[in-house]
Every structure is written in C-alpha cells, then in structure tokens.
Amino acid sequence: TIKKDLLFGSITQVKQETVSFKKKFPNLTKHGENLTELHYKRDPAVGREAELRRVMQILAYPEKDKSLVIVGDAGIGKTALVKGLAYRIQQGNVPRVIKDLKIISIDISTLMAGTKYAGTLEEKMKAILDEAGKDNNIVLFMDELHRAIGAGKTEGDDNSIAEILKPYLDYGKTRVIGATTSDEYIDLVEQNQAFKTRLKKVEIKEPQDHVIYDIVYDLMQTYDSISFSRLD
C-alpha cells in the first residue's frame, strides 16, 4: 500500500509539473518537445561518454556563454547525444549543477512554416526565446542549426534566425544546443563570425570498433527484452 501511494504520488506530481509548465511556457509547449520527459527504453548515447562530459562541462561553466554546437557527419549520432544527456538527467546521473535542466527541442523547419509575412518568424522566435530566458534550467535544442544562417528571411524582413538569436546568446540569457554537419558548419556557421563565437564547438566522430560493438550489443539486449527472446 505504501509503495502504491508513493507511485501514484509521484505520477500525480509529474502531471502537476507538466500542467504548470504548459501554463507558464505556452510557446515552448506549442513549438517544442521536452526531451527530458520522453520515455527511453535504453540509453540513446551508449559509448559517447567523452562527448557527453564535454557537453555537461560547457552547460555547467560559471561563464557568460553556455551555448554550444555539436558538429559531426550526417547520421553519426548528434541528436542521440542530446537525448543521451536528457536520459542522464532523468536518471540523476549528471553533476548537481545541471540536474534540473529541461532540454526543449525546437524544430526550425516547423517554426519557419507559415512565416511568409515580414516579422512573423521574428515574433515566433522572440516569444520562444523570451520564455526560455525566464528559467535558467531551460536549454533549447536546435537540430540543423546551419539553417538558422540566412534562413527565415522574408519579403521586407532581413532578420534570419541567427540574427534573432545573437543577443539572446550573449551572457547566457538563453542557452542553446545546436547540431549541424561538419561541411555545413564550415560553409555556413564559420562564415558568420559573430554567431560562431557565441557557440562552443563539440565535435563528434565515428566511434571506434569496440564502441560500435557496445552499441550493437546494447541494441540487441533492448530488442530482446521487448520481444521476450534471449540473447545468446
């Protein structure tokens, strides 16, 4: 009975926190997905401990700039790295200073949809960034960050997502984790020096053979547990 009470109590608390978050952050709820509230069947970032430590160090820095960009080839696991961080936050397996972080994934492509008229994208983006800036524990995750460079410009409005972001990244007003490929980082992000300098770079490379084995073994165990089969 005590265990049941504790279980239902924790579920009720989570529901209350979710409702409170939706009321306090309507734009983040509408345009984002809270990765720290997702259900994970397995660790999404097996074998990426070194990269995760680097990401956590940046987020925990007592410095003014606490935003970063994860750079690596397509399909190498940049998003998985961020989800791995969210998973560790759920498990409480992170430094105390970042244990309460909420990672909100913002889809740039979806955000840009319906922004034909001047000022529409800027209005959407500023509403999201203003809400994120209200809570030091909120970190925005933006995949394909290279799309922010020059993207979003509309007729009569030269503001791109990158230009809108710049003042918010200063002094850690809003924290962002971006992700982009190596080629697009060189071609687009590096060309915008003012934007580049606001983001600490974390490179993610092809895993070594023994790490690939660990990843495959972990996947096999997960699928075996789902299908009720046995790993031999």
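Start at Leu-140: its bridge partner in β5 is Val-176. That pair belongs to a run of four bridges joining β4 (residues 138-142) to β5 (residues 175-180), and the two strands run parallel. Keep in mind as you look around that this is a predicted model.

Now zoom out to the whole sheet. It is open, has six strands, and runs in the order β1-β3-β4-β5-β2-β6, with mixed pairing. At the edges sit β1 (32-34) and β6 (200-203), each of which pairs on one side only. From one strand to the next, the twist averages 25°.

**Around β2**

Strand β2 has β5 on one side and β6 on the other in the sheet order. With β5, β2 pairs in the parallel sense over four bridges. The pairing of β2 with β6 is also parallel, again over four bridges. Here are some residues that stand opposite each other, handy for finding your way in the viewer:

| Residue | Opposite residue |
|---|---|
| Val-69 | Gly-178 in β5 |
| Ile-70 | Val-202 in β6 |

Which way do the side chains of β2 point? Leu-68 and Ile-70 go one way, while Val-69 and Val-71 go the other, and all of them are buried.

**Helix α4**

Next up is α4, which covers residues 78-91. This helix has 14 residues and spans 20 Å from its first C-alpha to its last, close to the 20 Å expected at 1.5 Å a residue. The buried residues in α4 are Lys-78, Leu-81, Val-82, Gly-84, Leu-85, Ala-86, Tyr-87, Arg-88 and Ile-89. What covers them? The cover includes helix α3 (49-60) along with strands β2 (68-71), β3 (102-106), β4 and β5. An α-helix has 3.6 residues a turn, so residues three or four places apart point the same way. Just past the end of α4, Gly-92 takes a positive phi of about 75°.

Arg-48 lies in the loop between β1 and α3. Is Arg-48 buried or exposed? Arg-48 counts as buried because its relative accessible area is 8%, and the cut-off for buried is under 20%. Leaving aside residues up to four places away in sequence, Arg-48 touches Ile-76, Leu-81, Ile-204, Lys-205 and Pro-207.

Terms used
Residues numbered from 1 in each chain as written. Predicted model: local features only at pLDDT ≥ 70, side-chain atom pairs only at ≥ 80, totals over all residues. Heavy atoms only, no water. Pairing = 2+ DSSP bridges. Axes fitted to C-alpha atoms, helices over the stretch in contact; angles between N-to-C directions. Expected span 1.5 Å × (residues − 1). Buried < 20%, exposed > 50% of the residue type's maximum accessible area, 1.4 Å probe, protein only. Contact = heavy atoms within 4.5 Å.
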